[in-house]
Amino acid sequence: MRITIKKLTVQYTEDDHSLLALDRVNLTLAPGRITALVGESGSGKTTLGKAIMGLLPDNAKVKGEIFLDQDNLLAFDEARMTPIRWAKAAMVFQNGAANLNPVHRLKHQVAEPLIQRGTPKKQALELAETRLKAMGLARELADRYPHELSGGQVQRGLLAMGLILDPPLLILDEPTAALDAVTKSFVADVIQQCRAQNKSILLITHDLDLAGALADDIAVLYLGQVMEHLPGRDLLEHPAHPYTLALARAFPTMDAVRDLGGIRGDAFYRMVHAHAADNGHTHVHTHVAAPDAFHQGGHAPPEGCLFQPRCTQAIPACSLGSVAMEITPEGDHRVRCLRGGIAQALHFEQVTKSYGKITALYPTDLTLMAGEVFCLVGETGSGKTTLAMIAAGAVSPDQGTRFFQGRDMDLWMKKDAAALASRIGIIYQNPAESVSHRLTVFEIVAEPLRIHNTVRDESALADRVKAALSDVHLSCAPEFLKRYPHELNMGAIQRVCLARALVHEPDLLVADEPTSALDPSVQAKVLKMLLTLQIEKGVTLLFVTHNIGLARKVADRIGVMSGGRIIETGPAARIINHPAHEYTRTLIRSAQGLIRPRAPVSSSV
Amino acid sequence: MHLDAGQKIRTDPWFLTGAALLGLLFCLAVFGPVLMPWDPYDTSFIPLDPPSARHWLGINDGGMDIFAELLSGLRHTLIFGLTAASAGLVLGSVTGLFAAWQGGWVDQILMRLADIVLAIPSVMILILLAAFFQPPPWVLALTLAALTWPTTARGIRAQALTLKHGLHIQAARHMGGSSRYIIFRHLMPELFPLYLINFAAKLRMAVFMEASLAFLGLFDPSLKSLGLMISFALKYYYMDIWAHWLMPPVLLLSFLIMGTTFVTISLERVFDPRLKSAL
């Protein structure tokens with residue numbers, strides 16, 4: 001049975017305003033395939049499931065079409081929907097226990113759809129018991145009341161109930177949210193069996209691990225819009241939309257080695273409201289965030305990409321017009337992104353650098369995606385700093401081309417070096433030396449703003465400086481602003497440097513061993529702050545370190561350098577867990593303190 | 001660091017002594033001729049009159065009040081010294097900074113030029129110039145500056161080169177700061193101690209040079225200067241004039257040179273880390 005959803009729009013009306021839950025969603029569920037819907041809470045996942053089942057509340061206004069093979073379900077009335085439910089399409093809801101009747105035993109409730117359709121009671125109960133047993137629920141559990149069961153048992157009971165009439169379409173809403181890992185893998189097996197029975201399955205979940213492992217296709221929903229359609233295997237490894245990447249980064253998979261990062265900003269419901277504009281027309285439009293007040297007139301409907309305020313690679317064009325789904329160059333993803341998916345922040349082609357007779361960098365290719373944290377790891381003298389400084393525009397390569405945000409960096413530099421520099425922030429290895437001892441904390445942080453003459457007004461400048469300082473959790477008190485660097489400890493100076501690097505809101509931050517001058521406890525604090533700011537500001541981070549243990553906690557991707565070459569690049573988890581190059585293995589082993597044991601001393605005693 | 005330096009110099013006895021001496025001499029030079037009732041060019045007194053209540057240091061062979069002449073001489077000597085020192089400092093600093101910042105062949109040419117100038121004996125040039133052309137003192141002061149800038153230029157260049165590759169200046173460049181911004185905002189202020197040291201050293205040298213030239217009789221004898229006074233007084237060394245005529249200019253000149261020397265020593269000790277460790 002094939003479900004084809006076309007331009008499905010659902011709007012909930014409450015009192016004087018409405019919320020847009022789904023916005024022209026297209027989706028196909030095919031037999032023998034698992035389609036997963038992922039996205040943050042409030043993105044409209046459950047609404048989509050309920051819409052298929054015809055279970056939306058009365059205040060929902062539905063537009064578009066949902067075809068069950070050839071029939072448009074939205075045109076069906078309640079009488080025609082009833083035979084479809086359970087028999088053709090079943091939905092397993094989240095919050096298990098709340099969906100069961102507390103005064104009936106589990107097996108009675110599981111058998112209910114059968115009994116209603118005329119199966120003799122005894123036979124129905126027997127079948128229910130068999131199905132429950134297949135779900136790992138023994139007879140005595142099947143006899144219990146819902147409140148006598150654990151959350152996991154209830155969830156499996158509900159799954160048994162959904163499958164009792166063997167429907168060709170199964171909608172699972174967060175089937176594993178309340179489950180422990182063992183039960184979860186059991187449920188995953190059940191879902192896979194259903195796929196083997198050629199059922200069409202819609203899996204609504206937060207669990208990206210589950211979605212990635214089970215789903216054939218995945219649709220990523222954000223505020224009611226599908227942001228990306230992608231094959232399941234690509235969800236964690238090769239997402240194409242910045243939102244998918246951000247989701248993947250926020251999810252605690254077993255493979256994830258770096259500390260979890262959230263997604264900057266917050267998603268709101270899309271509020272629909274109408275008001276008169278200056279030109280006399282009435283605008284009906286949605287706001288991603290709740291509008292400041294009931295504004296009367298004046299502004300045109302907000303435009304552009306919904307994700308743009310939280311995106312790490314938004315360009316001015318992203319806030320204009322509407323963004324359509326487009327096929328990525330590889331062809332297996334469809335993304336709703338003006339920039340064609342995750343953009344390249346930095347791209348090197350065959351870049352080389354030598355100092356006299358010493359070759360610091362052999363021809364090297366490197367690509368940094370917007371918003372990611374890329375770690376360059378290697379021992380001292382491996383060319384890490386040279387590469388990082390070439391990326392920062394501080395060192396010119398001998399050969400090769402480098403692109404920053406799609407533009408040739410060297411041409412850009414010739415044309416307007418200051419404009420390029422203003423988009424890149426640098427943190428240096430030695431914080432104390434990277435600030436002038438003659439300048440106060442205020443002047444140090446204000447320096448980039450003064451150089452680029454961004455803020456002409458002195459009080460606005462002070463505000464920017466104070467905001468940058470409070471971002472790095474430093475005091476904004478006048479006494480502190482007047483301090484000189486030598487009055488501060490290393491950690492505080494490095495935080496001042498971080499504030500200085502970020503005060504101009506750069507797109508790329510190059511951090512060269514930013515914590516090597518700090519002791520471990522201060523290092524931990526500064527790193528945590530750096531990563532939080534990286535997410536909040538949506539800045540791409542090139543992090544250079546000799547410490548692979550540190551890189552492991554920081555990086556989305558790691559590049560291992562040795563002797564002026566990048567010898568291995570890949571997702572941090574893969575580099576750490578399955579290093580391909582011998583040198584990487586050595587690096588990890590030495591970091592673990594497993595130094596090659598000495599040959600046993602032949603004793604003469 | 002710089003705050004420590006400020007603190008340290010304020011409590012350094014060398015600096016305090018030198019500064020007190022110089023301060024006193026500057027006050028004498030600035031206000032002395034105003035307070036003095038006698039015009040140093042007035043020749044209407046009795047020549048070689050010994051000291052009296054009216055003329056504290058007596059009258060010289062030309063019938064002028066020696067005390068008035070002394071203060072005027074001090075003033076002229078100082079003006080000569082300050083002119084030569086300022087001009088030399090500016091010339092040297094600008095050259096040194098420019099050479100360091102530009103680097104490459106500009107640096108090479110300027111530094112070779114400095115080597116050449118450094119090889120010229122400045123005393124000889126000044127003596128020849130003064131003897132043949134009898135130029136006014138300011139021409140001699142500027143000539144002296146033109147001959148002594150290389151020492152300053154070298155010092156400034158060396159320090160500027162170190163600073164130029166310093167991380168915080170690199171950082172300012174990476175931030176997109178223009179050369180102009182970095183030179184005016186970072187380099188020039190950071191070289192401040194060097195200006196002081198060089199200025200004091202040059203002042204000492206110029207004062208000494210002026211006295212020498214005047215003593216050799218290469219100055220216009222109608223002018224006033226400490227060196228000239230010594231030179232004139234020495235013509236009457238067989239008379240009993242040393243206490244009131246010869247000694248005062250010698251003492252003032254010595255104090256002037258001592259003051260600048262003390263200040264230079266103190267500044268170098270506080271600001272120059274290499275000397276700091278040596279002492």
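How many residues of chain B are in contact with chain A, and how many residues of chain A take part?

Modeller: This is a predicted model, in which local features need pLDDT of at least 70 and side-chain atom pairs count only at pLDDT 80 or more, while totals for chains, interfaces and linings use all residues. Residues are numbered from 1 along each chain as its sequence is written, with chains lettered from A and ligands numbered from 1 in the order in which they are written.

At the interface, 16 residues of chain B are in contact with 21 residues of chain A, two residues being in contact if their C-beta atoms, placed from the backbone, lie within 7 Å. On the side of chain B that touches chain A, two or more residues each come from helix 1 (2-10), helix 7 (167-174) and helix 8 (179-190) of chain B. Helix 7 of chain B gives the largest share, five residues.

Chain B as a whole has twelve helices and zero strands. Helices (H or I, at least four residues) and strands (E, at least two) are DSSP runs, numbered from the N terminus. Along the principal axes, the C-alpha atoms of chain B fill a box of roughly 75 × 45 × 35 Å. Of its 279 residues, 43% count as buried; a residue is buried if 20 or more other C-beta atoms lie within 10 Å of its own, exposed if 12 or fewer, and partly exposed in between, with C-beta atoms placed from the backbone. Among the contacts in chain B with a separation of 6 or more, 70% link residues 24 or more positions apart.

Helix 3 (residues 66-102) of chain B packs against helix 9 of chain B at an angle of about 135°, their axes being 8 Å apart. Axes are lines fitted to C-alpha atoms, for helices over the stretch in contact, and angles run from 0 to 180 degrees between N-to-C directions. Helix 3 of chain B is therefore oblique to helix 9 of chain B, since angles under 35 degrees count as roughly parallel, over 145 as roughly antiparallel, 65 to 115 as roughly perpendicular and the rest as oblique. The crossing of these two helices is right-handed; a crossing is left-handed if the near helix is turned anticlockwise from the far one by less than a right angle, and right-handed if clockwise. Residues making the contact include Ala85(B) and Leu89(B) of helix 3 of chain B and Phe199(B) of helix 9 of chain B. The contact comprises eleven nonpolar, six polar and two charged residues.

Phe199(B) lies in helix 9 (residues 192-215) of chain B. With 22 other C-beta atoms within 10 Å, Phe199(B) is buried. Its contacts, leaving aside neighbours within four places in sequence, are Ala85(B) and Leu89(B).

Chain A also contains a helix pair of this kind. Helix 3 (residues 106-116) and helix 4 (residues 121-134) of chain A pack at about 125°, with axes 8 Å apart, and are therefore oblique to each other. Their crossing is right-handed, and the contact divides into nine nonpolar, no polar and four charged residues.

Chain A further holds an open sheet of eight strands in the order 6-7-8-3-9-10-14-13, with mixed pairing; two strands pair if DSSP finds at least two bridges between them. Its edges are strand 6 (89-92) and strand 13 (326-327) of chain A, each pairing on one side only. Within this sheet, strand 3 (residues 34-38) and strand 8 (residues 200-204) of chain A run parallel and are joined by four bridges, with Leu37(A) opposite Ile204(A). Helix 6 (residues 151-163) of chain A lies across strand 6 and strand 7 (169-173) of chain A, at about 175° to strand 6 of chain A.

A further open sheet of chain A has four strands in the order 16-15-18-19, with antiparallel pairing. Two bridges join strand 18 (residues 399-404) to strand 19 of chain A, and Phe404(A) has Arg407(A) as its bridge partner.

Key:
Ala, Val, Leu, Ile, Met, Phe, Trp, Tyr, Cys and Pro count as nonpolar, Asp, Glu, Lys and Arg as charged, and the others, Gly among them, as polar.
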